[in-house]
Amino acid sequence: MAGDTIFGRILRGEIPCDEVYSDDRCLAFRDVAPQAPVHVLVIPRKPIESLNQAGSEDEALLGHLLLVASKVAKQEGLEAWRTVINTGAEAGQTVFHLHVHVIGGRELGWPPG
Ligand code: AMP
């Protein structure tokens, strides 16, 4: 069921999160298993499973998520940072509620694994 993920439960207030930003369209909170000194997830309140399920009606929302990612990076004092959106299990997606990783605070290698 759409929205029936751990992030859906966080959005409904059923389980806690370490919130860093919130507005009417999205929520940003610290990743529970950080891969860098700063690792924040920006998620839409709308339960879109992944970019594969996003449609043209989501265009403004997707842009908003990236602007919030930038706001969070600035708030966290990051000048160089990375966004990651894993789409599909084989690409590393484990939670099927669209989310933008904001990762920084250390040197980041390229290409990613
Ligand atoms: P992905 O693998 O791209 O789907 O990313 C899912 C992320 O969610 C992982 O980095 C997890 O560490 C993170 N995560 C899972 N459960 C929680 C939680 N309850 N609070 C914060 N982050 C979580």
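Analyst: A polar contact is a pair of N or O atoms within 3.5 Å; within protein, one must be able to donate a hydrogen and the other to accept it, and residues adjacent in sequence count only if both atoms are side-chain atoms. Here asparagine 86 has a polar side-chain atom 2.8 Å from an oxygen atom of the ligand. This is a predicted model, in which local features need pLDDT of at least 70, side-chain atom pairs count only at pLDDT 80 or more, and totals for chains, interfaces and linings use all residues. Residues are numbered from 1 along each chain as its sequence is written, and side-chain values use heavy atoms, with hydrogens and water left out.

User: How far is an oxygen atom of the ligand from an N or O atom in the side chain of aspartate 31?

Analyst: That distance is 2.5 Å. For valine 32, a polar backbone atom is 3.1 Å from a nitrogen atom of the ligand.

User: Which element gives the largest share of the shell around the ligand?

Analyst: Helices (H or I, at least four residues) and strands (E, at least two) are DSSP runs, numbered from the N terminus. H1 gives the largest share, 3 residues.

User: How many disulfides does the structure hold?

Analyst: A disulfide is a pair of cysteine sulfur atoms within 2.5 Å. The structure holds 0. For cysteine 17, the nearest cysteine sulfur belongs to cysteine 26, 12 Å away.

User: Is cysteine 26 buried or exposed?

Analyst: Buried means under 20% relative accessible area, exposed over 50%, and partly exposed in between (1.4 Å probe, protein chains only). Cysteine 26 counts as buried because its relative accessibility is 0%. Cysteine 17, at 31%, counts as partly exposed.
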